[in-house]
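Hello,

Here is the structure I promised to pass on to you. Have a look at it first, and then read my notes below.

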Amino acid sequence: MVWVLLVLLYGILKGSREVAKKKAMMKNTVMEVLVVYTFISFLFVIPQVPDAGGLEPEFYFWIALKSFAIFVAWICGFYSLKYLPISLYGVLDLSRVLFMTFLGVFFLHEVLNVYQVIGLVTVITGLLMLKFNPGKKNRQENVKAVSENPVMESARINTPFYVVLAFVSCILNAVSGFMDKVLMKSVTSSQLQFWYMLFLALYYLIYILIKKERISLSVLKNVFVWIMAVMFVIGDKALFIANGMSESKVTVMTLVKQSGVIFAILGGKFVFKEKGILYKMICALIIIAGISVGVIFNV
C-alpha cells in the first residue's frame, strides 16, 4: 500500500507542476524555462552523488536512453502545454495510461484482472468523450484567450499539431516509466535519479549549443521555475522508490499517476480562467472512476 501512496504523491505533484509550467512560460520562452528548470533540478540531486556510484557499465547506456526519451518528451510536452489550454492538456495526458498498460502487459507480462479491465475500459470511455467534445465554441474561446496573452500573441495556434505533440510526449513518457520499473530491479533510486538528471542536463546543453539558443538570465527570477524543480525532484524520488518495491505493478502505477489531472483542470479554471471546464471535469471524473476501480481491487 505504501507504493500506491508514493505514486499518488507523484501524481498530485505532477498535476500541480503543469500549472507552474504554464505560468512560467508566460514570462519566459519554452526553451528558457525547460533548460533552466532541468539544470536547477539537477543541482537539487547532486547531494545524491555519494550513493550514485557502483553501476554496471550497461546501465549507463539504458539510463542515457531513458533520459533521451524524456529529453524529447519534454520538448514536445512543453510546447503543447504552452499553446493548449491546461485543462485540455491535462486530460490528453491521461492517454499515457493506455501506452503504459500495453507495455506492462506485453513486456513485463503483468496480468489484468477483471476489475483492471473494467477500469481501463472506463478510462478509454472518458478519453473518447473528450475527443468528441461537442463544445467547439469553448475550444475557440480558449484559443482566443491564449492568443490574447502578451507572451503568446505572436504565435499561430495550430491545435491539432499541439495535440499530436502532447500524444508524442505521452508515448515517450510511458516508455520512460516502463524503463523505470525495469531499471529499479537492478539500481537504486539515488543512482537512477542522479544519472538520469545528469544525462538530461547534458542533452539540453548540447541542444542549446547546436541551436545557439539564447537563455536570458531573467528566467532565474521566475519563481515558478524553482517551484517546478522542487516538485519534480520530490515527485520523481517518490516514483523511483515505488518502482523499486517488488509488489508494485506498472499497470496499477500508471493509473494512480493520472490523479493529477484534477489539479490541472482546476488550475485551468481558477488560475487561467479557461472555459468549458465542466465537460472536461466530467471526462476526468469518469477517467478517475476507472482508475479507482483498477486500483482498489488490486491492493
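Let's begin with Leu9, which is found in helix H1 (helices are DSSP runs of H or I with at least four residues, strands are E runs of at least two, and both are numbered from the N terminus). Leu9 is partly exposed, with a relative accessible area of 35%. On this scale, buried means under 20% relative accessible area, exposed means over 50%, and partly exposed is in between, using a 1.4 Å probe and protein chains only.

Before going further, please keep in mind that this is a predicted model, where local features need pLDDT of at least 70 and side-chain atom pairs count only at pLDDT 80 or more, while totals for chains, interfaces and linings use all residues. Residues are numbered from 1 along each chain as its sequence is written, and side-chain values use heavy atoms, with hydrogens and water left out.

**The surface patch**

Leu9 belongs to a nonpolar surface patch of about 860 Å², together with Leu43, Phe44, Ile46, Val49, Leu217, Leu220, Trp226, Val230 and Ile234. Patches are made of residues with over 30% relative accessible area and no salt bridge; like charges are joined within 9 Å, and nonpolar side chains (Val, Leu, Ile, Met, Phe, Trp, Tyr) within 5 Å. The areas come from the Shrake-Rupley method with a 1.4 Å probe, and for residues only the protein chains shown count as cover. Which helix gives the most to the nonpolar patch? That is H10, with three residues; H2 and H10 each supply at least two.

**The cores**

Now to the inside. A nonpolar core is a set of buried Ala, Val, Leu, Ile, Met, Phe, Trp, Tyr and Cys residues joined through side-chain atoms within 4.5 Å. The largest one has 66 residues, and Trp74, Phe78, Tyr196 and Tyr204 touch the most other members. Among the helices that each supply at least two residues of this core are H1 (2-24), H3 (57-83), H8 (159-183) and H9 (189-211). A second, separate core has 11 residues, including Trp3, Ala238, Ala242 and Val252.

Apart from neighbours within four places in sequence, Tyr196 is in contact (heavy atoms within 4.5 Å) with Ile63, Lys66, Ser67, Ile70, Trp74, Phe232, Asp236 and Phe240.

**The salt bridges**

Side chains of opposite charge can pair when their charged atoms come close. A salt bridge is a side-chain nitrogen of Lys or Arg within 4 Å of a carboxyl oxygen of Asp or Glu, and a search of the whole structure finds three.

Lys14 and Glu18 meet in one of them, at 3.4 Å from N to O. Both lie in helix H1, four residues apart, which is about one turn of the helix. Glu18 also pairs with Lys21, with the closest N and O atoms 3.4 Å apart, so Lys14, Glu18 and Lys21 are linked in a network, and Glu18 and Lys21 are about one helical turn apart because they are three residues apart in helix H1. Glu18 is buried at 4% relative accessibility, and Lys21 is buried at 6%.

In another bridge, Asp180 pairs with Lys66, the closest N and O atoms being 2.7 Å apart. Asp180 lies in helix H8 and Lys66 in helix H3, so this pair ties together parts that are 114 residues apart in sequence. Both residues are buried.

**The cysteines**

How many disulfides are there? The count is zero, taking a disulfide as a pair of cysteine sulfur atoms within 2.5 Å. Cys76 is buried, at 11% relative accessible area, and Cys283 is buried at 0%.

Enjoy exploring!
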